[in-house]
Amino acid sequence: MMTDEQIFARDKFTCVYCGYVGKEFKTWVFLEVDHFRPKRFDKDGDTHDDANRVTSCCICNRMKGGSDWKDVPEAKKHLDVMWKEMRGFWDKKVEPLVK
């Protein structure tokens, strides 16, 4: 089994969902190893396989949660919608308070 650091290196220190790059300390600290197929579906121990473990930023990992999408492209599509919704919320509700 690969270490988390080896998973990060395999995935070029980049979130497979949104493309966030963590190649410096202040950005790397926001990377995590995600079990693409959630651990709760693990009956045979296969969710711990290296092929099921991917680099994710902490935000995408939280937004994905226990969702069980068929593959990374499908997950990216759903997470992109979530990011757009979050951006809309920021633009309308939060950014005005920052200014």
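Select Asn61 and show its neighbours: leaving out residues up to four places away in sequence, Asn61 touches Glu32, Val33, Asp34 and Ser56, where contact means heavy atoms within 4.5 Å. This is a predicted model, in which local features need pLDDT of at least 70 and side-chain atom pairs count only at pLDDT 80 or more, while totals for chains, interfaces and linings use all residues. Residues are numbered from 1 along each chain as its sequence is written, and side-chain values use heavy atoms, with hydrogens and water left out.

Next, select residues 58-64, which form helix 3, the helix that holds Asn61; helices (H or I, at least four residues) and strands (E, at least two) are DSSP runs, numbered from the N terminus. Is Asn61 buried or exposed? Asn61 counts as buried because its relative accessibility is 15%, the term buried meaning under 20% relative accessible area, exposed over 50%, and partly exposed in between, with a 1.4 Å probe and protein chains only.

The C-alpha atoms fill a box of roughly 50 × 30 × 20 Å, taken along the principal axes, and buried residues make up 29% of the 99 residues in the chain. If you display contacts between residues at least 6 apart in sequence, 56% of them join residues at least 24 apart.
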